[in-house]
Amino acid sequence: MKSSVITFPGSNCDRDMNVALTKFGFKNKMVWHDDNELPKSDLVVLPGGFSYGDYLRCGSMASKSKIMQSVISFAKSGGLVMGICNGFQILVETGLVPGVLLRNKYLEFICKNVFIKVDNKDNPYFKHIDKNVFEFHIAHNEGNYFCTQDQLKEIEDNNQIAIYYCNKEGQTEDQFNPNGSIKNIAGIFNKGKNVLGMMPHPERMIDQSLSGEDGSLFFKNLINNIK
Amino acid sequence: MLVSEKVAIEHGLKADEYKKICELLKRTPNLTELGIFSAMWNEHCSYKSSRLHLKKLPTSGKKVIQGPGENAGVIDIEDGDAIVFKIESHNHPSFIEPYQGAATGVGGIMRDVFTMGARPIANLNSIHFGSPQHKKTKNLLRGVVHGIGGYGNCMGVPTIAGQTSFDSSYNGNILVNAMTLGLVKKNKIFYSKAAGLNKPVIYVGSKTGRDGIHGASMASASFDEKIEEKKPTVQVGDPFTEKLLLEACLELMAGDSIIAIQDMGAAGLTSSSIEMASKGNLGIEINLNKVPCRESKMTPYEIMLSESQERMLIVLENGKEGMAKKIFDKWNLDFAVIGKTTNTKNIELFFNNEQVANIPVNTLVENSPMYDRKWKKAKLPKKNKIKKETYSKLKIKDVLKKILSNPNICSKEWIWQQYDHTVMGDTIQKPGGNSGVVRVHGTNKAVAASVDSSAVYCWAHPLTGGKQVVAESWRNLISVGATPIAITNCLNFGSPENEENMGEFVECVQGIGEASKYLNFPVVSGNVSFYNQTKEIGIKPTPSIGGVGLIKDYKKMVTMDFKEKDNVALIIGKTEGHLDQSLFARSILDEKNGPPPEVNLFNEKNNGETLLNLIEKNLIKSAHDVSLGGIITAISKMSIKGNKGIKLNKFKNLINEIDYLFAEDQGRYVIEVKQEDLKDVIKILDKNSVHHEELGFITEKDMIINEKTKVTIDELKSYNTNWLTNYMNS
């Protein structure tokens, strides 16, 4: 299975993503933002970091990079595109997924483990995964997902909410929401469910010596689904 | 402007220093030249008050590849790998403008590390604020934490450990010390020594602006009521550009075109060019019209003294300019050939085809002033005779609650949650433990790092305090199973012109030297920050020690959380009941007199090495050194982290129970051992003549101190975790 990780100026989780994808069997290529063409890929990942220093608005400048035109057409033709953290912010800026990401409710960067709940498994990312609540890691300043009421209705009607912040038991009360996201949303899909944007970093949870191993489950499942 | 003694004094030079400059040049300097002298001869850059004493520190050893004198120190961690590390202060700017001051402190230290070819793999910091009640404290703390996070998070380097303290002596002068560790191959280390004639001198990175002019001079003076006016001397950081600069430099460094490289830190283009020339015993010629400027009409004086961030100076092999430029173009960074190396041994500056400065390099470096300042020796304070009756009736639980929620003990999670501590995917011990630990990417090795200071002990008796901080750093590394290798020090003091402050400096350095020599824990880098004072009031002497150690097999790393019910808790090292200068005496009894706990270096070494041996044999389930707050604080934290309790054995010690639990005697650790391993552990401890006592055993959740005193794990957590968050939100 082939994957591509895009490096923008200021990306800083590109290496970590490369390590994770390679570990679970992807043949990964690093792709420079200024390139025109995307190598042949089964999965394209927009990694975390601070593309263009988060200046102007997180993800906005990166969404206009040369390579993004190819990424957008790849996504529109049904290709799998996953945006993690800053990658999610870039996806939102391209319009591939709906909504926006505001500053965290308490105006502080948050780096910690959180629990997330998977509701919808009818998609290439979570199909067959035998767990509903995962421990993932977040590290962001602008992860407060927001959209209009109309958008929210549409997202819900289309089953586009990928993951919710919750507690260990999977409860999604407000107190388990780390950043103020509407409906505790931690990640969403596009309508076709081939594009996933999420704030948590599965690539930081791939080894029992790190924060945990739920990321390993995610990647193993993902590559099996793509095969 | 015509240069006179008055102008020189306005530049922070002394009258006799100005006289010396005129003698060395055999003429009156022009304004640009005077600016250059003031930048090179200030305390921050010249170490004129400290050099004499720093020479006495042990700086070499089998594992030392590079000691002080370069951008950072370098140690060998085997298999061709090396760690580059250093700690540096950014105290003065952080008080004036906390966000930018702290952010550029972090940016500056990372640059020092990647200038040597190393990719930064971990950041640490030691930050000190005034009393929580002081009106400025909360905003300063918030600004500094945001600044450290803002820069480090954007760079994608994990912040893995730190230290935060509050003391009213920092009311007018906070301390912000930032430390970075980088990883490099031993045969790919870059240095700042220029070599060869007519080699191109290259400027890369951000453009030069009018920010931070005279920053180093500002950091070499005390504060007064006009401090707000100094804001323009604070630099403004841009972590995004630094991230690009890091990647571009490492890309260029993969080849062999660089002869010398030096970051533009304090005193900017001035000190970077002069240091490279001085080390190479060469001259350097710069055309200032070629320097990329952010603002129009910048004068030579401004260009030379700007402390704009994210800039580097490189001496390149001839003919490699085009290839190098391509790399910097790719990363959208400025690249300009601004000069060349010469054989004149002078620094010659040209602007609009005129020579605007011509100074022999040695006058700026070797001939810079060095002072043997007067200093006063501190006496060891007499033992404070605290009457047992004053505290023997105190309820242990009440005291414990106060100690665990004390600002200097309480959990600092509010702070470190704002730092990305997991990026790079190798952090195997997060902040809040004994040391931060990161794996050496792709290997079985890991590097542990800790940063410590004990201002109260140093204030009570500088010699003992200096030794103690080094010992504590050593213990923090050992507690995670790392073999301590070397330290970096950040020496934060008041005015060297005050005999008592100078005495504190001299004797702390002596203490640091004695301990690091005995423990074979040499000092490989560091910095001195004097004039941490407002008018006549200086801070408590605060040397911060950053220690680095190696864990050969990271699977053997030890953490401090209690692991399993029924395991036995032991205390290593002897408890004499030393309460003077303890947190208990100071915060509960309000007793501020007496000597700090004595540091017995023989015991430190023996206890530490024996514990490492036990860890190597997989006999230790958890470990924590005993420091501020004594045994009970140590076991409380181990309980909280492990979500387990402990039942203490029936108290049969000769000393009072409170003395035993809250004393801060040195050289001690709490360790957790499995029942079936206990015999073996005791045998090894006895064989090495390490004092040990059985403390109790691990329970499911309650901490049972004696028949009358029981504290639940939830109570412990609530005492310890809430203070800082409540304070910041109040």
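Let me begin with two helices of chain B, helix H19 (residues 462-478) and helix H20 (residues 499-518), whose axes come within 7 Å and cross at roughly 40 degrees. Please keep in mind throughout that what we are looking at is a predicted model. Two packed helices are described by the angle between their axes and the distance between the axes, and that is the reason for opening with those two values.

Which residues of H19(B) and H20(B) meet? On the H19(B) side they include B:Pro462, B:Leu463, B:Val469 and B:Val470, and on the H20(B) side they include B:Glu504, B:Cys508, B:Ile512 and B:Ala515. Taken by class, the residues of this contact between H19(B) and H20(B) divide into nine nonpolar, six polar and four charged.

Let me now step back to chain B as a whole, where the secondary structure comes to 26 helices and 28 strands. Along its principal axes, the C-alpha trace of chain B spans about 85 × 50 × 45 Å. For 730 residues, a compact globule would have a radius of gyration near 27 Å, and the 26 Å of chain B agrees with that.

Chain B also touches chain A, and to this contact chain B gives 22 residues while chain A gives 23 residues. On the chain B side, the elements that supply two or more residues are helix H8 (137-155) and helix H10 (239-253). That side of chain B has eleven nonpolar, nine polar and two charged residues.

Finally, let us turn to chain A, where nine strands form an open sheet with mixed pairing, in the order E2-E1-E3-E4-E11-E10-E9-E6-E7. Why is one side of strand E2 (27-32) and of strand E7 (133-140) of chain A left without a neighbour in the sheet? Each of these two strands stands at an edge and has a single partner strand, so one of its sides has no neighbour there. From one strand to the next, the twist of this sheet averages 25 degrees.

Within the sheet, strand E9 (residues 161-166) and strand E10 (residues 185-189) of chain A run antiparallel and are joined by three bridges, and here A:Ile161 stands opposite A:Ile188 in E10(A). Helix H3 (residues 86-94) of chain A lies across strands E3 (43-46), E4 (80-84) and E11 (195-198) of chain A, and runs at about 120 degrees to E4(A).

Methods
Residues are numbered from 1 along each chain as its sequence is written. Chains are lettered from A and ligands numbered from 1 in the order in which they are written. This is a predicted model: local features need pLDDT of at least 70, side-chain atom pairs count only at pLDDT 80 or more; totals for chains, interfaces and linings use all residues. Two strands pair if DSSP finds at least two bridges between them. Helices (H or I, at least four residues) and strands (E, at least two) are DSSP runs, numbered from the N terminus. Axes are lines fitted to C-alpha atoms, for helices over the stretch in contact, and angles run from 0 to 180 degrees between N-to-C directions. Two residues are in contact if their C-beta atoms, placed from the backbone, lie within 7 Å. Ala, Val, Leu, Ile, Met, Phe, Trp, Tyr, Cys and Pro count as nonpolar, Asp, Glu, Lys and Arg as charged, and the others, Gly among them, as polar. The radius of gyration is taken over C-alpha atoms; the globule rule is 2.2 Å times the number of residues to the power 0.38.
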